[in-house]
Amino acid sequence: MSPPTSPTSGMTGRANQKLRTRRAIVQAAAELSRTGREVTMSEIAVAALVSEATAYRYFPDLVSLLQEAMAGQLPDPHEALAGVEHSTDPVERVAAATEFLMRHVLARQGVVRAMIAGTIARPERSARPGLRFGLIDHALAPAVAIDPPALEQLRRGLAVVVSAEALFNLTDLYGLDPQDAIASVVSTATALTRAALHPDTKPAADALT
C-alpha cells in the first residue's frame, strides 16, 4: 500500500508542477523566438504541450511571456562588437553595431515584430529590451572629440536609424531584399556618424545610398 500523502506534500507537488509548466512555456517561447517565424501564444502552447488557456493563466499576454523568454538571451555590447573592440573609429564601430543589430533582428523577426506590436498597443509598458541603445553607446565610446550636445543628438539620430523599424520599413514598405535593406541601414548610420564627427567634410558620393 502506498504511504499517505500529507496536505503539505500535496501542495509542494502542485507548486512543482506549476513551476515545470511555466518553465516549459518559457522554454517553448525561447526556442520559437530563434526560428524567425511569427510567434503566437497558440503556437507556443502547442510546443509546450499545454492548452492556450493554460498558457494565458501563466502569462496575461504574449509580450509578457516573450519578455521572460528573452531574458538573458541578448548579447552584451562588448561581445557583439568584439570584432571592432580595439578600433577607436566611431564610424567603423557604428557600422559594426548596426550590422550586428540588423542581422539579429532579421534572425528573430517574428518575436521582434510581436514586441513592436505590444509596445505600440501599450507604450507605457516599455516592453522592448532596447538592445540598440547599449550597442550605440558602446560604439560611440571613443567619440571624445565631439561636444556633449552634438553627441546626444547623434545618439538620438542613430536610435531612429539603427532600429528594427528602419529595417522593416525598407523590407515591408520599400520592398528591398533583406540583405540590401541591411546594407542601406548600415550606410545611413555610418553617414550620420561621419557627418556628426566631421561636419566640415564633404560626404562621399555614395555615402547616403
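Helices here are DSSP runs of H or I, at least four residues long, numbered from the N terminus. I'm working on a predicted model.

**Entry 1: helix α9.** I started with residues 148-161, which make up helix α9. E152 and R156 form a salt bridge there, with the closest N and O atoms 3.2 Å apart. The two sit 4 residues apart in the helix, so about one helical turn separates them. I checked accessibility too: E152 comes out partly exposed at 32%, while R156 is exposed at 52%. R156 gets the label "exposed" because the cut-off is over 50%.

**Entry 2: the network.** Which residues are linked with E152 and R156 in a network of salt bridges? I found D137 and R155 in it as well.

**Entry 3: R22 and E68.** The side chains of R22 and E68 meet in a salt bridge, 2.9 Å from N to O. R22 belongs to helix α1 (residues 7-33) and E68 to helix α4 (residues 62-70), so this pair ties together parts that are 46 residues apart in sequence. R22 is partly exposed, at 27% relative accessible area, and E68 is also partly exposed, at 33%.

**Entry 4: R37 and E43.** How accessible is R37? Its relative accessible area is 44%, so I logged R37 as partly exposed. E43 has 24% and is partly exposed.

**Entry 5: the tally.** Last, I noted the total for the structure: 8 salt bridges.

Terms used:
Residues numbered from 1 in each chain as written. Predicted model: local features only at pLDDT ≥ 70, side-chain atom pairs only at ≥ 80, totals over all residues. Heavy atoms only, no water. Salt bridge = Lys/Arg side-chain N within 4 Å of Asp/Glu carboxyl O. Buried < 20%, exposed > 50% of the residue type's maximum accessible area, 1.4 Å probe, protein only.
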